[in-house]
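Have a look at the model, then go through the points in order.

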Amino acid sequence: MADIDIHDLTDRYVAVWNEPDAERRRASIRELWSADAVHVLQPPKEILQTAEGLGFNRLLLEARGHHALEFRVTRAHEEFVAPGTFVFRSRGNADRLHDVVKFNWEMAPRDGGEVAGVGLEILMLGPDGRIVSDYQFIEG
C-alpha cells in the first residue's frame with residue numbers, strides 16, 4: 001500500500017467535485033481513481049421512495065471507470081457548484097484502517113449559511129493509493 005496522507009487524499013477528492021475546469025477535473029479523476037474504479041451511491045431518500053413506489057425495494061446508483069466517473073462528477077458539479085449556489089468541503093475527520101478511508105463531506109451555500117447536505121464517504125484504496133471502490137452515503 002502506498003504511503004499516503006489521507007487528509008491530502010480527501011481534500012483532493014472533495015476538490016474534484018468543485019473543479020470548474022473540465023480538463024483539470026478529468027486529470028484529477030484519473031489521479032484519484034483507478035481505471036476500473038467504481039463509485040456507488042446510496043440514493044437520497046426521495047429517490048428511494050420513488051423507486052419503492054415503482055416496486056424496487058433496493059436501489060443503488062453506480063458509476064464504473066474513468067468515463068462514467070467523469071460524467072458523475074461533472075453532472076454533480078453542473079447541478080450544485082457551477083450555478084454558484086453550493087460548494088463541497090471535507091469535514092476534516094478522515095480516518096484510515098489498512099486500505100479503507102472514511103470521511104464526511106458537506107455541501108454548503110457558497111455565500112455561507114446552513115449546510116444543505118452531508119455525506120459519508122468510504123474509499124477502498126488499491127496498492128498504488130488510488131481509489132478502487134468509493135461508497136457514498138447521503139446522510140442529510
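**Notes on the fold**

1. Let's start with His7, which counts as partly exposed at 38% relative accessibility (buried is under 20% relative accessible area, exposed over 50%, partly exposed in between, with a 1.4 Å probe and protein chains only). His7 lies in helix α1; helices (H or I, at least four residues) and strands (E, at least two) are DSSP runs, numbered from the N terminus. Leaving aside neighbours within four places in sequence, His7 is in contact with Gly92 and Ala94, where contact means heavy atoms within 4.5 Å. His7 and Arg24 are 17 residues apart in sequence, and their C-alpha atoms are 20 Å apart in space.

2. A word on what you are looking at: this is a predicted model, in which local features need pLDDT of at least 70 and side-chain atom pairs count only at pLDDT 80 or more, while totals for chains, interfaces and linings use all residues. Residues are numbered from 1 along each chain as its sequence is written, and side-chain values use heavy atoms, with hydrogens and water left out.

3. Now the core. The largest nonpolar core has 24 residues, and Tyr13, Trp17, Trp33 and Leu123 are those with the most contacts inside it. By nonpolar core I mean a set of buried Ala, Val, Leu, Ile, Met, Phe, Trp, Tyr and Cys residues joined through side-chain atoms within 4.5 Å. At least two residues of this core come from each of α1 (6-18), α2 (22-32), β1 (33-42), α4 (65-81), β3 (86-90), β5 (100-109) and β6 (117-125). Which element gives the most to this core? That is α1, with six residues.

4. Apart from its neighbours within four places in sequence, Tyr13 is in contact with Leu32, Trp33, His39, Phe103, Glu121, Leu123, Ile131, Asp134 and Gln136.

5. Next, α1 against α2. Their axes come within 10 Å and cross at roughly 145 degrees; axes are lines fitted to C-alpha atoms, for helices over the stretch in contact, and angles run from 0 to 180 degrees between N-to-C directions. This crossing is left-handed (left-handed if the near helix is turned anticlockwise from the far one by less than a right angle, right-handed if clockwise). Leu9, Arg12, Tyr13 and Val16 of α1 make the contact with Arg25, Ser28, Ile29, Glu31 and Leu32 of α2. By class, that contact has five nonpolar, one polar and three charged residues. Here Ala, Val, Leu, Ile, Met, Phe, Trp, Tyr, Cys and Pro count as nonpolar, Asp, Glu, Lys and Arg as charged, and the others, Gly among them, as polar.

6. How do α2 and α4 cross? The axes of α2 and α4 come within 10 Å, at roughly 130 degrees, which makes α2 oblique to α4. For the wording, angles under 35 degrees count as roughly parallel, over 145 as roughly antiparallel, 65 to 115 as roughly perpendicular and the rest as oblique. The crossing of α2 past α4 is right-handed. On the α2 side you will find Arg25, Arg26, Ile29 and Arg30, meeting His66, Leu69, Glu70, Val73, Thr74 and His77 in α4. The classes here are three nonpolar, three polar and four charged.

7. Beyond its neighbours within four places in sequence, Glu70 is in contact with Arg26, Ile29 and Arg30.

8. The pair α1 and α4 packs at about 65 degrees, with axes 7 Å apart, so the two are roughly perpendicular to each other. Val16, Trp17 and Asn18 in α1 meet Arg72, Val73, Ala76, His77 and Val81 in α4. This contact has five nonpolar, two polar and one charged residues.

9. Finally, check His98, in the loop between β4 (95-97) and β5. His98 has a positive phi of about 55 degrees although it is not a glycine. Most residues other than glycine have a negative phi. His98 is exposed, with a relative accessible area of 67%.
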